[in-house]
Amino acid sequence: MQDTTICALATPPGPGGIAVVRISGPEAFEMAARVFCPASPGRTLQGAKGYTALFGHFYRAGQRCDETVALCFRAPKSYTGEDVVELSCHGGPAVVEQLLAACREAGAAPAGPGEFTRRAFLNGRIGLTQAEAVMGLISAAGRQGAALSAAALDGALAREIDGLKTKLTSLLGHLDAWVDFPEEDVPALAPGAFCAAVSEAAAVLAGLLRQYGAGAVLRRGVDTAIVGRPNVGKSTLLNLLAGFERAIVTPLPGTTRDVVEQAVSLGGSGIRLNLADTAGLRETGDLIEAEGIRRGRAKLEQAGLVLAVFDASRPADAEDLALAKACEGRCALALLNKSDLPARFDEGVIAPYFAGPGGAALPGDTAGQNNMDGRDGTAAGGGARRDGEEKPEAGRILHLCANDPAHRARLAAAIEKLLGTAAVDVGAAALVSERQHAAALAAKGHLDAALAACREGYGLDAAGVCLEDALAALCELSGESASEAAIEEVFSQFCVGK
């Protein structure tokens, strides 16, 4: 209930330099005054203006507990749109618990998950898309993911959707006036002009939908499985990406018997890769190793990105082909490791299963050396590379030496290109939640149906019905007509204190 005054720890729990307890609601200043006493004689919390700070101490049951700074925000110019007082004390857990207990004893109710941001939404301080961006900013795993959520918090998506709603509302208004009031001499709405306007709106939504997957990777990272036969260099690759010796590396097959996990920040965009180095894929009678292989295969199936490692210094065999087939249709890179040794691997064996979109060469290729047939964008078959010869890379196949730190940048660029993150404009409008994605998908479907109705000769009145459905989906996306259940779902994902 918004008529209550709530409090919660706004900084992460656990020891820290400082901790901030936020109090928000109609009695925020009165309740904070029962806890906080300014150090300056004659100063009172109730008399403090907005955007001011007071130094003093907080008390519990008449006992002075700690030095405290009170930051004052007056409604409606606060995060929640209500009166807000933020009390900053030292960040020891015992001190923080004392301060929270004192606030509760003063009458403030404990805040639930996302309750401060929910009040900001209900009080009109932010829209629903901006509220979702708040949680995206808190949980962003990389620098560009944070920038993407910051743009949404600044209203980039809200402005884009509002622009679409304005255009569609104007189009519907013209259509309704033309159909319902023929005696008013309303200018006719030409089917061509109608279709052009609807197509333009559909193209905007298509762009947002197309970037959603790459944006999700930037915000949350991607689970990545490193797979391959024993001794192809999987653990060496993990260490290369991690930047330190995370996994044990030996010449003995079967050294890695369980999944070794490590999160890394990769490339200029700061993509978070949740790496899983798996046991070498092979037939074995060792029960422990067999269990590790089973877990490795499970990681391969669950991964959002697969780094399939092959030994370029050995001929391809049936196990290599089986791994390549398992990667077909997946977001996967084939890494031909040990490129510092004489090459004996026929990449034509695996190339059909790692054909990149449009046959685009990976970053780092030499211009004009793409191993493509020039017609349909598929990788051309080719034998093993001769000693000293530079092998052109095609599709999703990359030659590297995991022992060489210089190859990390090339691999990072290849991963960024494969995931589509290199092309994301982090300052532009972007969908930041599955709820937004579903609403945008529904709106795009209704616009496509309106265009189909025009093409099939059903008339603009029938197309107008589809337009109304598209507008309703956009209102759901922006939060203008979001159901209470949808709003509950959004804020249930928040942490307490925000």
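Helices, taken as runs of at least four residues assigned by DSSP, are numbered from the N terminus. The model described here is predicted. The protein contains 14 helices and 13 strands, and 48% of its 498 residues are buried. Of the contacts between residues at least 6 apart in sequence, 67% join residues at least 24 apart.

**Helices α7 and α12**

- Two packed helices are described by the angle between their axes and the distance between the axes.
- Helix α7 covers residues 191–220 and helix α12 covers residues 434–455; their axes come within 9 Å and cross at roughly 150 degrees.
- Angles over 145 degrees count as roughly antiparallel, and α7 and α12 are therefore roughly antiparallel to each other.
- The crossing of these two helices, α7 and α12, is left-handed.
- On the α7 side, the residues in contact include Phe194, Val198, Ser199, Leu205 and Tyr212. On the α12 side, they include Glu434, His437, Lys444, Leu447, Asp448 and Ala450.
- The residues of this contact between α7 and α12 comprise 16 nonpolar, 2 polar and 3 charged.

**Ser199 within α7**

- Ser199 is one of the α7 residues that meet α12.
- With a relative accessibility of 34%, Ser199 counts as partly exposed, because that category lies between under 20% for buried and over 50% for exposed.
- Ser199 and Ala450 are 251 residues apart in sequence, yet their C-alpha atoms are 9.5 Å apart in space.

**Nonpolar cores**

- In soluble globular proteins, nonpolar side chains tend to be buried together.
- The largest nonpolar core in this model has 36 residues. Phe194, Val198, Leu205, Leu431, Leu447 and Leu467 have the most contacts inside it.
- Helices α6 (156–180), α7, α12 and α13 (460–478) each supply at least two residues of this core.
- The helix that gives the most to this core is α13, with 9 residues.
- Leaving aside residues up to four places away in sequence, Val198 touches Leu171, Leu447, Ala450, Leu451 and Leu467.
- Another core, of 34 residues, lies apart from the largest one; Leu148, Leu241, Leu400 and Ala414 are among its members.

**Helices α4 and α5**

- Helix α4 (residues 128–139) and helix α5 (residues 143–153) have axes that come within 8 Å and cross at roughly 155 degrees.
- That angle makes α4 roughly antiparallel to α5.
- The crossing of α4 past α5 is left-handed.
- Gln130, Ala133, Val134, Gly136 and Leu137 of α4 make the contact with Ala146, Ser149, Ala150, Ala152 and Leu153 of α5.
- The contact of α4 with α5 consists of 7 nonpolar residues, 3 polar residues and no charged residues.

**Ala413 in helix α11**

- Ala413 is located in helix α11, which spans residues 407–419.
- Its relative accessibility of 26% means that Ala413 counts as partly exposed.
- Ala413 and Leu266 are 147 residues apart along the chain, and their C-alpha atoms are separated by 9.0 Å.

**Backbone features in loops**

- Most residues other than glycine have a negative phi, and most peptide bonds are trans.
- The peptide bond from Ala75 to Pro76 is cis, with omega near 0 degrees. Pro76 is placed in the loop between β5 (63–73) and β6 (84–91).
- Tyr51, a residue other than glycine, has a positive phi, near 60 degrees. It is situated in the loop between β3 (36–38) and β4 (52–60).
- Tyr51 has a relative accessible area of 57% and is therefore exposed.
- Ala61, also a residue other than glycine, has a positive phi, near 55 degrees. This alanine, Ala61, occupies the loop between β4 and β5.
- At 82% relative accessibility, Ala61 is counted as exposed.

Key:
Residues numbered from 1 in each chain as written. Predicted model: local features only at pLDDT ≥ 70, side-chain atom pairs only at ≥ 80, totals over all residues. Heavy atoms only, no water. Axes fitted to C-alpha atoms, helices over the stretch in contact; angles between N-to-C directions. Parallel < 35°, antiparallel > 145°, perpendicular 65-115°, else oblique. Left-handed = near helix turned anticlockwise from the far one by under 90°. Contact = heavy atoms within 4.5 Å. Nonpolar A, V, L, I, M, F, W, Y, C, P; charged D, E, K, R; others polar. Core = buried A, V, L, I, M, F, W, Y, C linked by side-chain atoms within 4.5 Å. Buried < 20%, exposed > 50% of the residue type's maximum accessible area, 1.4 Å probe, protein only.
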